[in-house]
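Dear colleague,

Please find the structure below, followed by a short account of what was found in it.

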Amino acid sequence: MLGPRRIRARIPRLAEAHGDDWGTVAGGGEPLRLAVLGDSAAAGVGAPDHQAALAGQTAVALAALTGRHLSWRVVARSGATARTIRRDLVDGITDPHTRWSPHLVLVVVGVNDAVRLRRPGRFRRDVEHLVAVIRRRLGAPIPVLLAGLPPVHRFPALPAPVRLLLGTHARRLDRQLTRLARRDTGVFHLPVGHLPIERDDFFASDGFHPGPAGYRVWGRTLGAQTATIVDAVLPMTVEPRVASQRDGHPRGATAEEAGRRWPAGNTRTSAVPDVARHGRSATERDNSGS
């Protein structure tokens, strides 16, 4: 059986997305700020730039569905695990120079933990600690969204026996994300659903990361799930206005503002879909084969 280092050595190394790691999507509603934190999928490996990668595609879908001006930024690194994200990346989700701070954070993590065969209980504790560090950094109990793990058992870059082993383990880790979301009213699990990975253009050339077409589909799924959560826990509180911007980011709002909109102890309403609150959907079960 191949070990984690040999598995990683088999996968061609592609660059992270180039260009700006932030952007905006114009809209008429109250500004919404999204931070995308995570591993190589969040870093856009397999896409030419972040507009065509997971963050940009999620932002476009979220802005379209909420009708709100959206500002986003990416803080991610290829190969990152839950522990290394907590240790090395969380500080980057705010910008003290422009006073940019997110209203919600989307965390994309787990595939590298699966490749390293991180034990499920330890992985869940790693993510719990990561959520706690995010909240301490922001000083407010903003929503933290956990992207469900993709179907590793169908990644063409992995040989069949390894694919099955890692796919099974990835599903175990994904169930830990579901468990964490059930325990914490401020954490939401976003099941991956059915991704059309059988399409010739879904994967990048490495057969491990999505290409632009794959990120577009996954981003639309995440955007739709996030929009429902935003409508439930971050509704617009003022009349629509034009966002003041500098370097593509709205000015003047802080995490404290997000905390006032969504105070500690607020519970999720029935508007939040069951797939976000209570685990896997039927489409995800079909996709996982479990």
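How many helices and strands are there in the chain? The chain holds 10 helices and eight strands, where helices (H or I, at least four residues) and strands (E, at least two) are DSSP runs numbered from the N terminus.

This is a predicted model, in which local features need pLDDT of at least 70 and side-chain atom pairs count only at pLDDT 80 or more, while totals for chains, interfaces and linings use all residues. Residues are numbered from 1 along each chain as its sequence is written, and side-chain values use heavy atoms, with hydrogens and water left out.

Of the 290 residues in the chain, 58% are buried (under 20% relative accessible area, 1.4 Å probe, protein chains only).

Six strands form an open sheet with mixed pairing, in the order β1-β3-β2-β4-β5-β6; two strands pair if DSSP finds at least two bridges between them. Because β1 (22-25) and β6 (187-190) stand at the edges with a single partner strand each, one side of each has no neighbour in the sheet. From one strand to the next, the twist averages 20°.

β1 pairs with β3 (residues 68-76) in the antiparallel sense over four bridges, and Trp22 stands opposite Arg73 in β3.

Two helices that pack on the sheet may be noted. Helix α2 (residues 54-66) touches β1, β2 (29-38), β3 and β4 (104-108), contact meaning heavy atoms within 4.5 Å. The direction of α2 makes about 160° with that of β3; axes are lines fitted to C-alpha atoms, for helices over the stretch in contact, and angles run from 0 to 180 degrees between N-to-C directions. Helix α6 (residues 160-183) touches β5 (144-147) and β6, and its direction makes about 145° with that of β6.

Yours sincerely

Note on methods: Buried means under 20% relative accessible area, exposed over 50%, partly exposed in between (1.4 Å probe, protein chains only).
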